[in-house]
Amino acid sequence: MAFDNIRLEKGMYGQTGTTFTQVLESLDPSEAYKGTDMEGLDAFQRQLKRFGIKAKGEGSDVVAKFFATTDSSVLFPEYVSRTVRQGMEEQDILKDIAASVTKIDSMDYRSITSVPTEDEKSLMKVGEGAELPQTVVRTQNNLVRLHKRGRMLVASYEAIKFQKLDLFSVTLRQIGNYIMRQHLQDAVDVIVNGDGNNNAAASLTVGTDPISGTAGALTYDQLCEFWAQLDPYEMNTLLAPSDVVLKMLKMEELQNPLTGLNFQGTGKLTTPLGANLIRTSAVGAGQIIGLDKNYALEMVQAGDLTVEYDKLIDRQLERAAITSITGFAKIYNDAAKVMNI
């Protein structure tokens, strides 16, 4: 088979705009395996089969199996990258709040914005031959701030070479969790404080018009009033820390049988207003962020997750940086608001 004859080298990681797996796929296309016992595996997974490396599950191999040959050692950085990404996906709240994901190949990016007036938001009647009303789209004044987030993987080969890959992957997934949490903190900061283009979210306070009640307390009435403030957008997502979520769960309106069954059966929190309630420590104590996930936030990524492949191959771990560069931009400023309890 073709995958048995591919010469693996670390230079396969350094090709601009192409991932290691994409390089492998160009040499060993998955389409050629339709109808065989390897259908459904990508080129990297077939290389694991080639060297008999079982990376997960019962009976997984030890880390040293990757370094049995020069060729198989080249697979190790991709294994690390995939496992870290798996951990990032486990903690991926960003998919629930980002309206758009933009991938760029540089460190400079300027987003676009449109701030329509009330007249521009309405579709007025247009007479024959009359000029159509305009919606102006322009670039933002300031660049999107990109943040490099990551972790340093520090371990000697001697310390982990006999560790099972299934156990080692737990550490890698945790690294992915940490990176994604840091990105979420960046996203929340942009939603609340803006992206440097004078577009901080409107801040409302319980007990101050237009939100009724008493500061420090939260009832269903305040949630309804907060929901109304997002018009004409739909408040379909709420971000809140644990202290606020506890107050919401104690509301009578959140104790109806359907809400309880949904929480107990799926672990997902919903509100009587139909919004998806996400608990996260990235939001400040006593705050609730309400947003329309379809219009509020743009996520900007400069490349993919980066692993220092040369150190993982040549030095057999030692110290290797795992990084991800991501930034966020506001799209429609009124599509997100903050309520302080």
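Of the contacts between residues at least 6 apart in sequence, what share joins residues at least 24 apart? I found 78%, where contact means heavy atoms within 4.5 Å.

The model is predicted, so I note its limits: local features need pLDDT of at least 70, side-chain atom pairs count only at pLDDT 80 or more, and totals for chains, interfaces and linings use all residues. Residues are numbered from 1 along each chain as its sequence is written, and side-chain values use heavy atoms, with hydrogens and water left out.

I looked up burial next. Buried residues make up 43% of the 341 residues; buried means under 20% relative accessible area, exposed over 50%, and partly exposed in between (1.4 Å probe, protein chains only).

I then turned to aromatic pairs. Rings of Phe, Tyr and Trp (its six-membered ring) pair if their centres lie within 6.5 Å; planes under 30 degrees apart count as stacked, over 60 as edge-to-face and the rest as tilted. By this rule I get eleven aromatic pairs. One of them, Phe-67 with Tyr-157, is edge-to-face, at 5.2 Å centre to centre and 70° between the planes. The two residues are 90 apart in the chain. Phe-67 is buried at 12% relative accessibility, and Tyr-157 is buried at 14%. Tyr-233 and Tyr-295 form a tilted pair, with centres 5.8 Å apart and planes at 50°. Here Tyr-233 is buried at 18%, whereas Tyr-295 is partly exposed at 39%.

Last, I noted one aromatic cluster, formed by Phe-66, Phe-67, Phe-76, Tyr-79, Tyr-157 and Phe-168.

Notes:
Helices (H or I, at least four residues) and strands (E, at least two) are DSSP runs, numbered from the N terminus.
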